[in-house]
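Please open the model in your viewer and keep the selection tool ready. The stops below say what to select and what is there.

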Amino acid sequence: MEIALKEDIGTRCVALDDGLRLYEKILPQLKTKQPVHMDFTGVEAVFSPFLMGCIGRLLDHFEKEFLMENLVLRNISPEHLKTVNEFIDRAEQRLTEKTDLESMKEFFEEDELGDI
């Protein structure tokens with residue numbers, strides 16, 4: 001699947017709603033293990049709310065490695081690529097922290113140490 005962001009979203013990929021719309025379009029493709037090519041030609045801005053709606057939601061379904069192999073970013077500027085990579089790193093960090101917190105909570109509940 002080919003997605004030209006300028007045509008589908010516009011030159012400014014900033015809104016959460018736009019990211020969610022793109023997520024709904026991409027998710028079925030990735031579930032069938034079909035790669036998605038996103039073309040950033042003409043995109044002037046990429047902000048976190050847009051990335052949260054699209055890539056953040058995709059990370060709820062797929063491992064980072066799968067996503068990086070199957071979500072191909074084309075014609076992306078170094079600045080936008082840095083924004084995307086930093087977003088993915090922060091999202092992965094939050095997921096790791098959440099998993100660690102849930103594991104600790106389960107451990108303390110199982111050992112009845114939570115009552116101390």
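Start with helix 2 (residues 16-31) and helix 3 (residues 48-58). Helix 2 crosses helix 3 in a right-handed sense; a crossing is right-handed if the near helix is turned clockwise from the far one by less than a right angle, and left-handed if anticlockwise. Helices (H or I, at least four residues) and strands (E, at least two) are DSSP runs, numbered from the N terminus.

This is a predicted model, in which local features need pLDDT of at least 70 and side-chain atom pairs count only at pLDDT 80 or more, while totals for chains, interfaces and linings use all residues. Residues are numbered from 1 along each chain as its sequence is written, and side-chain values use heavy atoms, with hydrogens and water left out.

**Stop 1: the packing of the two helices**

Two packed helices are described by the angle between their axes and the distance between the axes. For helix 2 and helix 3 the angle is about 20° and the axes are 7 Å apart. The axes are lines fitted to C-alpha atoms, for helices over the stretch in contact, and angles run from 0 to 180 degrees between N-to-C directions. Helix 2 and helix 3 are therefore roughly parallel to each other (angles under 35 degrees count as roughly parallel, over 145 as roughly antiparallel, 65 to 115 as roughly perpendicular and the rest as oblique).

Which residues of helix 2 and helix 3 make the contact? On helix 2, select L16, D18, G19, L20, L22, Y23, I26, L27 and L30. Contact means heavy atoms within 4.5 Å. By class, the contact of helix 2 with helix 3 has 12 nonpolar, two polar and two charged residues. Here Ala, Val, Leu, Ile, Met, Phe, Trp, Tyr, Cys and Pro count as nonpolar, Asp, Glu, Lys and Arg as charged, and the others, Gly among them, as polar.

**Stop 2: the whole chain**

Zoom out and colour by secondary structure. The protein has five helices and five strands, and along the sequence they follow the pattern β-α-β-α-β-β-α-α-β-α. Of the 116 residues in the protein, 33% are buried (buried means under 20% relative accessible area, exposed over 50%, partly exposed in between, with a 1.4 Å probe and protein chains only). Among contacts in the protein with a separation of 6 or more, 79% are between residues 24 or more positions apart.

**Stop 3: salt bridges**

How many salt bridges does a search of the whole structure find? The search finds six, a salt bridge being a side-chain nitrogen of Lys or Arg within 4 Å of a carboxyl oxygen of Asp or Glu.

Select D8 and K25, whose salt bridge has its closest N and O atoms 2.6 Å apart. The pair links distant parts of the chain: D8 is in helix 1 (residues 5-8) and K25 in helix 2, 17 residues apart. D8 is partly exposed at 27% relative accessibility, and K25 is partly exposed at 37%.

Next, select E92 and K64, which form a salt bridge at 3.2 Å, N to O. This pair also links distant parts of the chain, with E92 in helix 5 (residues 78-110) and K64 in helix 4 (residues 64-70), 28 residues apart. E92 is partly exposed at 33% relative accessibility.

Now select E86 and K82, joined by a salt bridge at 3.9 Å, N to O. E86 and K82 are separated by about one helical turn because they are four residues apart in helix 5. E86 is partly exposed at 36%, whereas K82 is exposed at 53%. Elsewhere, salt bridges that share partners join K64, D89 and E92 into one network.

**Stop 4: two loop residues**

Select K33, in the loop between helix 2 and strand 3 (36-39). K33 has a positive phi of about 65° although it is not a glycine, and K33 is exposed at 61%.

Then select N75, in the loop between strand 5 (71-74) and helix 5. N75 is not a glycine, yet its phi is positive at about 50°; N75 is exposed at 53%.

**Stop 5**

Select D39, in strand 3. Not counting residues up to four places away in sequence, D39 touches I3, A4, L5, R74 and N75.

End at E79, in helix 5, which is exposed at 60% relative accessible area. E79 and V46 are 33 residues apart along the chain, and their C-alpha atoms are separated by 9.3 Å.
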